[in-house]
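Reader: I am new to this structure. Please show it to me, and then I will ask how the terms are applied.

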Amino acid sequence: MKGGVPTGARLVLAGLSLVLLVTPPLMPLMGSEVIEETHTRVIVREHPKTGKPYVSIVSSDDPDPKDPFTGPLQKFSRPDYRMLDPKIKAKDIPYHGPSSDRRKVYVLAATLATVGTAGGAAGILAAPAATGAGAAGGAGAYLAGAGAVAGTATAASVYATTGSKEDNFIHRSESKEKAI
Amino acid sequence: MVLFLGCARLFGWDIHAPGILSENFTQLVRAVDERVALYLPPELLRYESKDKGSWSADPQTYHVGEAFGPMLVEGFQNGFSEFIFLETRPTPEILARYGIHRLAVVRLKDFGNRVTWKGQSLTLATETAVFDSGMKEIDRFESRGTSASEKIFSKKGGPEVNLNAALENNVRAVVQHLQDVR
């Protein structure tokens, strides 16, 4: 991930903010339509993952609007999807992003079980046995019930791509028009 | 049995995607010269998908919204020369005031999780409504992003990156569709 934001990008954003702030009040003077009071103002926020600034329109009634992105604000390196290739070993593609650490959940479960609010000793003993292969790295133990599975691609797709032939994983990105 | 089931729900995968686009995205999507605004309903940013699992599977929780929101913003930043994010509910007055000729409102439609013995396929479906400066709807389209791979649960970060890829493919579909139908 790049450390800083190019000066050019900051200048463009500053310019856009200035245009947004200055132009509307001038528009009535130029004979344009009457602009209603919108109770909004322009701020510049930083993207929570990249730090790249963007223009945001917020309510002017709120003096300190809360950033809508409330997820983990930790900045991660960009993912390399080659790690999804089953032939690629985990050590070959370094990964520094979030990962599900289920050991913490085990501790929580054990704690709750000890105080008697969630399951008994039988549950604690049985559950790791059912999930042990996954903790050790086996995929086979994780046969989840299929959720709401999305439909397949249609001929009406405006845009559709699949991963390259060299890849051993499938990526699809598609879009189709709908009636308004 | 009841006690066991209560406990089993505590075991499982809590999956947070990195929430950042890959380098591949910037190579595939080039910015076009246009001012476009984006509004995301608050429920999108909070959306989580829970799979309760089965006798042979752990429950899984996918934190979709917390990653998808920032990825959409980054996708629009990369896709349009002038990007404006609306944190307040859009009105014709707001669009007129800020010279916004196209506003995209993205809603989640479906999140699919199919896990087999060999691998996993995730699909995110969204519906995007496009409005002009008078808040008249001028376009509506559905987008899907899918990522399917094998043995991902055996790798550190595998489920997280698989989720990230599905979200990114959806973002790409949305941005490129908007670019195509200008």
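Reader: What makes a residue of chain B count as buried, and what share of chain B does so?

Author: In this predicted model, 58% of the 182 residues of chain B count as buried. A residue is buried if 20 or more other C-beta atoms, placed from the backbone, lie within 10 Å of its own; with 12 or fewer it is exposed, and in between partly exposed. In chain A, buried residues make up 24% of 180 residues.

Reader: How are residues and chains labelled, and what limits apply to a predicted model?

Author: Residues are numbered from 1 along each chain as its sequence is written, while chains are lettered from A and ligands numbered from 1 in the order in which they are written. Because the model is predicted, local features need pLDDT of at least 70 and side-chain atom pairs count only at pLDDT 80 or more, whereas totals for chains, interfaces and linings use all residues.

Reader: What is the mean pLDDT of chain A?

Author: The mean is 62, and 42% of the residues of chain A reach 70 or more; pLDDT is the predictor's confidence in each residue, from 0 to 100. Over residues 111–156 of chain A the pLDDT stays under 50. Where pLDDT is low, the predicted coordinates should not be read in detail.

Reader: Which elements does chain B have?

Author: Chain B has six helices and eight strands.

Reader: How do you know that the length of helix α4 (residues 64–79) of chain B agrees with its residue count?

Author: The expected span is 1.5 Å times one less than the number of residues. For the 16 residues of α4(B) that gives 22 Å, and the end C-alpha atoms are 22 Å apart, so the two agree.

Reader: Why is α4(B) described as largely enclosed?

Author: Because 14 of its 16 residues are buried, α4(B) is largely enclosed by the rest of the structure. Strand β5 (residues 80–86) of chain B is mostly covered, with five of its seven residues buried.

Definitions and conventions: Contact = placed C-beta atoms within 7 Å. Helix = DSSP H or I, 4+ residues; strand = E, 2+ residues; numbered from the N terminus.
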